[in-house]
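The stops below are given in the order in which to select them.

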Amino acid sequence: MPNSSLAFGIDLSRWNTSADGKKLVNFDIIAAHEPKVCFIGMRAGISWGYQDPWYNYYFSEATRIQRVKMPYHVLFPGENPTRQMDNFFRIMGDEIDFDTCPLVLDLELDHGHTVHRITQASVDCLNIMHRRTGHSPIVYSRTSWLNHFVRVADFPPVYWWLAQYLWPRPFPLYTPEYPSPPNPLPRGVNQWHFHQTAERGKSIGAKAMHFMDYNRFNGTEQEFFEFIGFDPPTPITCPIDSMPCTGGKVVVES
């Protein structure tokens, strides 16, 4: 299935907002974008003590424009898994709906630890995420990293979000999306669910950063919403010329 048929999403972290907070991500532009941004990954925390300073803003704005939110946590394999998950869940708070807000564990750091250590820390975190939410989590990583640093066979049931890009064009050119599916899949993985197709796509509503990560779900927009258990957003009609709008504001692409 070509990428144009697959549900589209982006992911955000502090790097998409300026350090002084004067260049915020404009979620009305995200809401008006074509292809439709169906889901937004957003970094919540790292290890046991760090919170992304713009997570709460991203979460609130994604809720306002009725997009699926996918908070993610970056694992430090040498640190205590329970403390790291306590940090993750503390950042998300008590009001998050885990039935429609899938959680993601970001696995891309080894810090010089053994395969056994990295695998066990990953498994411990994944089991905690499942126990606290009642849902299988998503693992974000890339094939080469997983093959080198973990034993996938030891993982509990998870969904897979795999990164694979085209060779980057020189700055300031944007790099097209890698055509799905990601290939090859990691050893022991026989299905992919999300594909990070670009790290140098054109920034959508984020003037603080020239590039943005693009992602695709392994299915259509309707299949994505069925997978998440999330009702598709209902368009809001403005009194001005019946233009579509978000949160009471007329959506204007800039």
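This is a predicted model: local features need pLDDT of at least 70, side-chain atom pairs count only at pLDDT 80 or more; totals for chains, interfaces and linings use all residues.

Residues are numbered from 1 along each chain as its sequence is written, and side-chain values use heavy atoms, with hydrogens and water left out.

**Stop 1: the largest pocket**

Select Asp 11, Ser 13, Tyr 72, Gln 196 and Asp 213. Of the 23 lining residues of the largest pocket, these are the closest to its centre. The pocket has a volume of about 480 Å³. A pocket here is an open set of points on a 1 Å grid over the protein atoms alone, where a 1.4 Å probe fits and protein lies on both sides within 12 Å along at least five of seven lines; lining residues have an atom within 4 Å of a point. Grid points are joined across faces, edges and corners, and the volume is the space filled by probe spheres set on the points.

Next, colour the strands. Those that give two or more residues to the lining are E1 (8–12), E2 (37–46), E4 (68–74), E5 (104–106), E8 (194–202) and E9 (211–217). Strands (E, at least two residues) and helices (H or I, at least four) are DSSP runs, numbered from the N terminus. Which element gives the largest share of the lining? That is E9, with three residues.

Colouring by class shows 13 nonpolar, three polar and seven charged residues in the lining. Ala, Val, Leu, Ile, Met, Phe, Trp, Tyr, Cys and Pro count as nonpolar, Asp, Glu, Lys and Arg as charged, and the others, Gly among them, as polar.

**Stop 2: helix H4**

Select residues 115–133. Helix H4 has 19 residues and reaches 27 Å from its first C-alpha to its last, close to the 27 Å expected at 1.5 Å a residue. The expected span is 1.5 Å times one less than the number of residues.

Show the side chains of Ile 118, Thr 119, Ala 121, Ser 122, Val 123, Cys 125, Leu 126, Ile 128, Met 129 and Thr 133, which are the buried residues of H4. Buried means under 20% relative accessible area, exposed over 50%, and partly exposed in between, with a 1.4 Å probe and protein chains only. The buried residues of H4 pack against helix H3 (81–92), E5, strand E6 (138–141) and helix H5 (143–149). After H4 comes Gly 134, which has a positive phi near 80°.

Stay in H4 and centre on Thr 119. Thr 119 counts as buried because its relative accessibility is 2%. Leaving aside neighbours within four places in sequence, Thr 119 is in contact (heavy atoms within 4.5 Å) with Phe 149, Val 150, Arg 151, Asp 154 and Phe 155.

**Stop 3**

Go to Thr 17, in the loop between E1 and helix H1 (27–32). Is Thr 17 buried or exposed? At 4% relative accessibility, Thr 17 is buried. A polar contact of 2.9 Å joins its side chain to that of Tyr 58. A polar contact is a pair of N or O atoms within 3.5 Å; within protein, one must be able to donate a hydrogen and the other to accept it, and residues adjacent in sequence count only if both atoms are side-chain atoms. Not counting residues up to four places away in sequence, Thr 17 touches Lys 23, Leu 24, Val 25, Trp 54, Tyr 58 and Ala 208.

Move to Ala 153, in the loop between H5 and strand E7 (159–163). Ala 153 is exposed, at 75% relative accessible area. Its C-alpha is separated by 32 Å from that of Gly 93, 60 residues apart along the chain.

Then select Pro 170, in the loop between E7 and E8. Pro 170 is exposed, with a relative accessible area of 59%.

**Stop 4: backbone details**

In the loop between E7 and E8, find Pro 181 and Pro 184. The peptide bond from Ser 180 to Pro 181 is cis, with omega near 10°. Another cis peptide bond joins Asn 183 and Pro 184, where omega is about 5°.

Finish with two residues other than glycine. Ser 47, in the loop between E2 and strand E3 (50–51), has a positive phi near 55° and is buried at 7% relative accessible area. Gln 66, in the loop between helix H2 (55–64) and E4, has a positive phi of about 60° and is partly exposed at 29%.
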